[in-house]
Amino acid sequence: MNWDQIIPAIFMIAVLILVLPSFLRTNSKLKQFLTNLSIWAIIVSVVMIVLYFIFWMKKINLAITGCMGRMGQQFIKSAKSDKNFKLVALTENRIINKKISGIKPELNTEKAFRNTNVIIDFTVPKCTFEVLKIASKLKKRMVIGTTGFTKKEENLIRKYSKKIPILKAGNMSLGINLLMYLTEIASKSLGNNFLSKVFEIHHKHKKDHPSGTALMLGKGIAVGKNKNFYNLLGKKYLNKKSFPYGKKINFNSLRKGEIIGEHEVTFSSGKEIITLNHEAFDRALYSEGAFTAAKWLINKKPGLYSMRDVLNFN
């Protein structure tokens with residue numbers, strides 16, 4: 001039970017105790033005792049309400065890395081309208097000689113992150129580890145949306161998570177995480193009679209391929225089959241009009257225009273094809289998901305979490 005459920009419960013109990021004596025045929029001392037008890041319960045609930053708004057409803061100090069990038073700019077825009085956060089730090093990997101939303105961007109240093117509660121990082125692996133090293137030393141929480149990590153780097157993130165709470169997801173979208181869940185179910189249900197592949201499209205500026213989300217979906221296929229993803233990792237194509245199924249999971253990435261993101265998982269038995277897909281139209285869905293993750297992470301112990309933990313997809 002959360003505090004926002006406990007406080008009203010105490011208040012209601014206090015009111016019931018206050019009203020109860022008028023319905024009871026009992027001595028005046030008991031009535032007086034119940035009245036005094038209810039008054040104290042009301043006082044306690046009011047004090048708890050005040051403390052709740054002072055401490056539990058306190059804004060979360062937020063730091064955004066890669067503030068000049070597409071997602072960095074989206075986070076800054078979204079932070080202005082989210083009452084749960086106070087933007088206290090912006091960082092970049094180069095010197096920026098102007099203020100953004102009243103804040104002077106800094107390099108990734110201990111000084112930049114000292115006053116923050118949570119850091120949101122959607123950059124590149126090199127930058128992410130630069131920030132992780134500082135966050136680990138300062139005991140700051142991190143939400144990581146960076147993609148393109150190697151297996152070795154993934155293991156290193158897992159080590160950092162033993163010291164600080166980290167939420168890492170290749171995609172923060174509710175829809176994508178639901179798609180991954182459905183991919184696992186489909187893969188498990190269809191079994192080995194169906195081959196699978198993953199197709200994704202992103203804007204021409206995206207450097208890594210396959211996308212982190214495409215790899216997430218590939219892992220979903222592997223989980224459904226109860227197999228190690230890296231043992232099922234097939235060929236990685238770039239900008240191919242078509243690509244084949246294989247005994248392993250093949251990927252095809254298309255880079256064009258300013259497309260925010262499209263992902264498609266297909267299963268084929270040779271006699272029928274099953275397709276699961278998702279299309280994003282607005283980057284705000286990623287920032288909303290990341291902010292939801294940051295709020296969820298704020299009370300968590302050190303560990304490596306995902307959006308499935310946030311959304312309770314089990």
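Me: Which elements do the buried residues of α3 pack against?

Reply: First, a word on what you're looking at. This is a predicted model, where local features need pLDDT of at least 70 and side-chain atom pairs count only at pLDDT 80 or more, while totals for chains, interfaces and linings use all residues. Residues are numbered from 1 along each chain as its sequence is written, and side-chain values use heavy atoms, with hydrogens and water left out. Helices (H or I, at least four residues) and strands (E, at least two) are DSSP runs numbered from the N terminus. Buried means under 20% relative accessible area, exposed over 50%, and partly exposed in between (1.4 Å probe, protein chains only). Contact means heavy atoms within 4.5 Å. Now your helix: the buried residues of α3 pack against β1 (60-64), β2 (85-90), β3 (118-121) and α10 (284-297).

Me: Which residues of α3 are buried?

Reply: Met-71, Gly-72, Gln-74, Phe-75, Ile-76, Ser-78 and Ala-79. Take Phe-75: leaving aside neighbours within four places in sequence, its contacts are Ile-64, Ile-120, Phe-122, Tyr-286, Ser-287, Ala-290 and Phe-291.

Me: How do I read a core, and which residues touch the most other members in the largest one?

Reply: In soluble globular proteins, nonpolar side chains tend to be buried together. Here a nonpolar core is a set of buried Ala, Val, Leu, Ile, Met, Phe, Trp, Tyr and Cys residues joined through side-chain atoms within 4.5 Å. The largest has 32 residues, and Leu-62, Phe-75, Leu-90, Ile-120, Val-143, Leu-167 and Met-172 touch the most other members. Two or more residues each come from β1, α3, β2, β3, α10 and α11, with α10 giving the largest share, six. Another core, of 19 residues, lies apart from that one and includes Leu-179 and Met-180.

Me: What does α7 pack against?

Reply: Its buried residues, Leu-179 and Met-180 among them, pack against α8 (212-224), β9 (261-268), β10 (273-280) and α11 (307-311).
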